Structures are given as structure tokens and as C-alpha cells.
Amino acid sequence: MARIYRSYSLVQRLRLILWAMFLVPLLVGLAFFLLYSSQALHQETQRDLKATLALQQQFIEYWVKERAKDVGYLAADPRVLLLPPDSLRDMLTGMLAATPAFDDLVYVGENGRTKADPKHPTGVDVSDREYFLAAKRGQGSISNVITSRTTGAKIIVVASPVMDSRGQFKGLVFGSVRLDTLLGLLQAMYSATTSRTFLLDAKGTLLSPASNPAKPDARPLRSLHGGDVIYDSAKAGTLPSGIYRNRDDERVVGVYRWILDNRWLLVAEKPESEIMRLHAGILGFPLLGAALLFLGFGPVALRLARSLEGPVRRLEEHSRKIEGGDFDVQCDPEPHLGDPVEIKRLNVAYCLMVERVRDTLDALRQASLTDHLTGSANRKLLFQEGPRLIDAALRADMPVSLLMLDLDHFKSVNDTYGHAAGDAVLAAFADLLEHKVRQSDIFARVGGEEFAVLAPNAGSEAVCELAERIRAAVAELPVPVPTSTGETTLSITVSIGAATLSLEPGGEHPHLRNTLESLMAAADDALYQAKKNGRNRVESLALLPAPARG
């Protein structure tokens, strides 16, 4: 090398020295910068994937637990034990129509055989299922993915025990949810830039579809097993550090998250090539600066790389709050004036994603408390808010009443004019109720054509007057409904049962478990009398004693 150098002329030596002064600092600086940036991008990608899985975990667990609450409220309804099988099946059919998240709602007797099923023949033996054994122990349960014995489909069963007034096991109510339904909701949350986010059971068996519709060209997913880095890490409770090679021999960054008490495993992976491609715009700016500045100012290039840490760290702090479940935190801080344009775009996209997730969760919460057909409250809201309103009224020494309303001959409307006509009747009836009850009252659809009105601070006389106004208004209400030949107008009537808690303290009702259920059962008995005595009338039971307050 020295001999070659000495053979050059003076001008050639100067040119060589100048090129060396230019290239050596540039190459050294660029190599250092790329190494530093790639490590930072890998770490940031891992944090982003963890935040994504945290959102999806909260979504799945929130959705499944809401279904468990639905079944729990139904199992606590005293009519489950009081109604004959045919009437109970009709009641479950109405509940199923009001709760479209379930594929089926079934009552199982204490012998382990189905007794009321809106969709399938009864008598199916489920006594060997884990959810039945858990119910016998007085426990609600959420099953693993199982195969339905009636349809052969992959389902998840949410079950709750049914107990009598003495706390004796009398069977269970379970709701079945198709795995495809849950996976469809999860698919709606997938990011278009996330290469692979998939769901497995605890043994590594793939539950998600093998192909992701958002990435039709991507390699199909498959189950995991021992030897796969991410699966071994999940079993050991550790997190892969940096880049690793997955089952398809790709260099990826990956994270996992156990959900529903370690029954299911959420996994997210992103190839290194996609990481670099997504951040090419961000890297292009500092690389151009490095090409210019590293001619003589290597340390300046390092400072430029570190300038990216500030805005990225701000986004990271915010994402950690989101990961912790604080969805009300505002998307802050905003990009600073001196941040690169790519960082500003990234901040805008991130804030938009957070806002959409927040809106989705708010919509889910609202939908879980609202009847999808009539827009009125559903039985879940009644069971959540009812006890609080009753307690407040009784503490203020005010009476509280409840109406059970059932449209007369509603089945004949569906049979004669079709379900679209029945839906129109329900919607018109709910709209009338909304204008007849007070703002302090709760009116809810609790079954197919059955509604309830909880009226705090209303005694027996006042609630009967309210019931009579509703009955008279319904009798005069013309309801235009669609038919196969155009449109016709129907006249409908309603039967109403009323029950009131008196202000005189006393013991609890001997056959029912709490105040709201006592009111519902008593009003239901009165409704039965109204039906028995000719329909289109109001019946009121004798006042019930309010529970003693200590």
C-alpha cells in the first residue's frame, strides 16, 4: 500500500488524502448512526406491538366479561325457575333477539340435560362439560374453545348457575358465542401495518384464520410449538430481546400477551424489513444530514440521531398510559415546531388511532346497555341502575314501583304480517313509552315483546294512573306496518302488571332474593292476572313490604 502511495504524483496524493478525509468520517459516522438507529427502531417497534396487544387484550376481555354479565343477569331472573319449558323457551328467544352477540341461549336442568333451547331440540347431555361442573359448585365460567354438540361449530360457552331461594343448585343458563364472531370483532381492530397479530390457545393451536384479509399476500399463519422462539418465551414468561428468526426463518420483532387467565395467547410479529420500510422516511432525513455533516462533524450526526429520541419518548410515555387502560388521557404532547415532518405525521396517525379505539370502546359500552331495535335500555342497564334507584328512594322514605308490560297477541302480528311488522310495532310502542314515562323513570326492553318501567318516588295509586295512561294511549295508537302488498295500519293493546314497595319496614319477601327481583316477580304475577282476566287491562298486586334498613 505504501509503495502504491509513493508511486502517485503530488496532485494524486492530495486528491487521495481529500477523498480519505471525506469518506472515512462519513462511512464511520453512517455505520455508527445506522447501528444506533436500528436498535432504537427495534425497541420502539416492540413497545408499539406491546401497546397494540394490550388494547386487543382489553377489548377481548371486556367483550367476553360483558357476555358473562348478560348470562348472569338472565340466570338471576326468578322466571327461569317459575315458567314452564315452552314459556321459558319463548322468553329465551326474546332475550336472544335482544342480545345478538350470542348464537344461542340455553337453560340446562340440574341433571345436566338441556330443558329450554330456542334453536335446537332439548335433552342434550352436557353433564360432562367443565362449565356444568363449575355451575354445580356455584361458579360462573367461561369455557375454552369447544365443539358444539348440536352444530359442530367451534364455540365459547359463558355459563352461570341458577339457584333457588334457598341457594340450592337448579341448573344453569349458558350462552354460546361462535369463535368466528369474536375473531371477526378482533379482526376489525387489526392495523393495516401490523404484519401478523394472531390468537392461539394455551397449547399453541392457531385460533385465528390462517390468512389475514388485510394482507392477502402474506404467508399463512400456523400453530406454534416448542422450538418457536416466541412460543418458548411465552411459556417461560420472558420476552424475546431484539430481532429473532421465526418459524418461517424471517428476522422479526415479536411480543406476546396471555389473556383470560392464561387460556389464550395473543402474538404479534413484525418483520425487520417492514420496520425499516415503514421508517424509511424518518431515516432518510438523518442519513442525508449525516452525508453532509460527517465530512468533518461526526459528533453532530450523533446529536441529530438523538434529536429523534425526544418526540419518540413523548409518544412512548403516552402509549404506556393507554396500555395501562387510561383511555381518557388526551393525545399530548403535540409535535414541537422543530420536529421532523415524518415525526409530525406519525404523531397525527397515532392520535387518530387512539381516538378511534376510544370511540370504539365507548360505542361498545353504550351498545351493551341499549336495545338495538327500539333504542331503549336493556335488561342489563335495568339490573345495573335499578338497585341504586330503589335504594335511594327507600333511604328517602319514598315509595318505589315497577310495571311489567306485555303487548297482547304479539305473536300473531309476526305470524300474520312478518317480523318486519313486529319490529315496527315494538319500535312504535317503545317510542310511546319514552314520551309517557318521567325522566326519572327507567324503561327497558327485558324480553321479546316485554318491557319494564321502574318508577322511583311513585306509590301504588300514582303508578296505576301511569299504567292506565299508557294502556289507553296504546289502545289509541295507530301503527303503520309493512306488508307483502304495501302497508297497513294495526291497532295494538297492552297488558300491564304493577307492584309497589310500601314505606312500612318489614322482612324480605320469603320467596325472592332481592328488592328488584321481588318487584319484577310481583309485577309479573300481576301481569299474568291481567292476561288471565281478558288482556288490555292493568292489574296491581298488594303492596310488598320494603326490606328493613339498618
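How much space lies in the second largest pocket? In this predicted model, the second largest pocket holds about 1300 Å³ of space, and its lining is made up of 35 residues, with Ser87, Asp90, Met91, Asp406 and Glu449 lying nearest its centre. Two or more lining residues are given by each of the elements α3 (79-82), α4 (85-98), β12 (400-407), α14 (410-417), α15 (419-436) and α17 (515-532), and the largest share, seven residues, comes from α4.

On the α13 side the contact is formed by Leu382, Phe383, Pro387 and Ile390, which meet Thr515, Leu516, Glu517, Leu519 and Met520 of α17. The residues of this contact comprise seven nonpolar, one polar and one charged.

The lining of the largest cavity consists of 20 residues, of which Ser148, Arg149, Thr150, Ile155 and Phe174 lie nearest the centre. At least two lining residues are supplied by each of the strands β1 (104-108), β4 (146-147), β5 (154-163) and β6 (169-178). By class, this lining has eight nonpolar residues, seven polar residues and five charged residues.

A further element of the architecture is an open sheet of four strands, in which the order is β7-β10-β9-β8 and the pairing is antiparallel. Strands β7 (196-201) and β8 (244-245) form the edges, each pairing on one side only. Strand β7 pairs with β10 (residues 264-271) in the antiparallel sense over six bridges, and within this part of the sheet Phe198 stands opposite Val267 of β10. In general, the strands of a sheet pair through backbone hydrogen bonds, either parallel or antiparallel. Helix α7 (residues 229-236) lies across β8, β9 (251-259) and β10, and runs at about 35 degrees to β9.

Note on methods: Residues numbered from 1 in each chain as written. Predicted model: local features only at pLDDT ≥ 70, side-chain atom pairs only at ≥ 80, totals over all residues. Heavy atoms only, no water. 1 Å grid on protein atoms, 1.4 Å probe; cavity = no way out; pocket = protein on both sides within 12 Å on 5 of 7 lines; lining within 4 Å. Points joined across faces, edges and corners; volume = space filled by probe spheres on them. Pairing = 2+ DSSP bridges. Contact = heavy atoms within 4.5 Å. Axes fitted to C-alpha atoms, helices over the stretch in contact; angles between N-to-C directions. Nonpolar A, V, L, I, M, F, W, Y, C, P; charged D, E, K, R; others polar.
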